[in-house]
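The entries are in the order in which I looked things up.

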Amino acid sequence: MLNIVLFGPPGAGKGTQSQKLIARYNLVHLSTGDLLRSQIAQGTELGLRAKKLMDEGLLVPDEVVIGMIESQLASNTTAAGFIFDGFPRTVPQAESLDALMQRYDTGVSCMIALEVAEEELVSRLLERGKTSNRIDDQDEAKIRKRVTVYNTETAQVAGFYAAQQKFHALNGIGAIEDIFQQICTIIDQHQAATTEDTRQATDEVKA
Ligand code: ADP
């Protein structure tokens, strides 16, 4: 399985690149932000609780998003792989994801981080807020709060994957297509290395 964690601050372009990656690699997109917004739209208890936090730019509790991911994995057992967008956002979420993936005899293949400076993020999100009707994109203070939460709570997730040699960073400023090609190069190199490992292991068994 190919399981990609797409990482980066709000406004880095994770959603845009996810759509292109899904089409190219036939992956199932799991965006915790989208899953939460769907709960809000359905007016569920979980959605009501999450909305208050999301509107303030704060994180929803770990157990809530982990539970959502757990049920998505359980209902997509035939997927060729997943693209995780906006998850994991904390180290406990990353640890839980590893444990969940182990249940399915798989794991995170790699994390790809899109790096974008704060001023560019703020201007992109304010622009998105004009048409997206996302309250959290319509107020500069809330956007800056989300970037701060990313820097203080989420950025350390990169270290978690770096320790497993799975971390790759890219400049998230540039043409969408150029960034997409760079992401594909990382994924293709990863897949080539995995195929080579499997070939060597098969040869060792035969020898
Ligand atoms: P963005 O990346 O633009 O902030 P998302 O759609 O990924 O947008 O997330 C929107 C909001 O949903 C976040 O600010 C947060 O409140 C909540 N959220 C999404 N994913 C998570 C997560 N993995 N852990 C905690 N909260 C989350």
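The entries below concern a predicted model.

**Entry: the cores**

I began with the largest nonpolar core, which has 30 residues. I noted those with the most contacts inside it: Leu36, Ile69, Leu73, Phe84, Leu97 and Tyr161.

I picked Leu36 and looked up what it touches, not counting residues up to four places away in sequence. I found Leu46, Ala50, Met54, Val60, Val64, Val65 and Met68.

**Entry: helix H7**

Next I took H7, which covers residues 140–154 and has 15 residues. From its first C-alpha to its last it reaches 20 Å, close to the 21 Å expected at 1.5 Å a residue.

Which residues of H7 are buried? I listed Lys142, Ile143, Arg146, Val147, Val149, Tyr150 and Thr154. Seen down the axis of H7, these buried residues fall within an arc of 155°, so they line one face of the helix. I recalled that an α-helix has 3.6 residues a turn, so residues three or four places apart point the same way.

On the face turned away from the buried side of H7, I found the exposed residues Ala141 and Thr152. The buried residues of H7 pack against S1, H3, H8 and helix H6 (118–132).

I also checked the N-terminal end of H7, which Asp139 caps. A side-chain oxygen of Asp139 lies 2.8 Å from the backbone nitrogen of Ala141.

**Entry: Asn3**

Last I turned to Asn3, which lies in strand S1. Is Asn3 buried or exposed? It counts as buried because its relative accessibility is 0%, and the cut-off for buried is under 20%.

I then looked for polar partners of the Asn3 side chain. A polar contact of 3.0 Å joins it to the side chain of Thr106. The Asn3 side chain also reaches the backbone oxygen of Gly107, at 2.8 Å. Leaving aside neighbours within four places in sequence, I noted that Asn3 is in contact with Gly81, Phe82, Phe84, Met101, Thr106, Gly107, Val108, Ser109 and Cys110.

Technical notes:
Residues are numbered from 1 along each chain as its sequence is written. This is a predicted model: local features need pLDDT of at least 70, side-chain atom pairs count only at pLDDT 80 or more; totals for chains, interfaces and linings use all residues. Side-chain values use heavy atoms; hydrogens and water are left out. A nonpolar core is a set of buried Ala, Val, Leu, Ile, Met, Phe, Trp, Tyr and Cys residues joined through side-chain atoms within 4.5 Å. Buried means under 20% relative accessible area, exposed over 50%, partly exposed in between (1.4 Å probe, protein chains only). Contact means heavy atoms within 4.5 Å. Helices (H or I, at least four residues) and strands (E, at least two) are DSSP runs, numbered from the N terminus. The expected span of a helix is 1.5 Å times one less than its number of residues. The arc is that of the directions from the helix axis to the C-beta atoms. A polar contact is a pair of N or O atoms within 3.5 Å; within protein, one must be able to donate a hydrogen and the other to accept it, and residues adjacent in sequence count only if both atoms are side-chain atoms.
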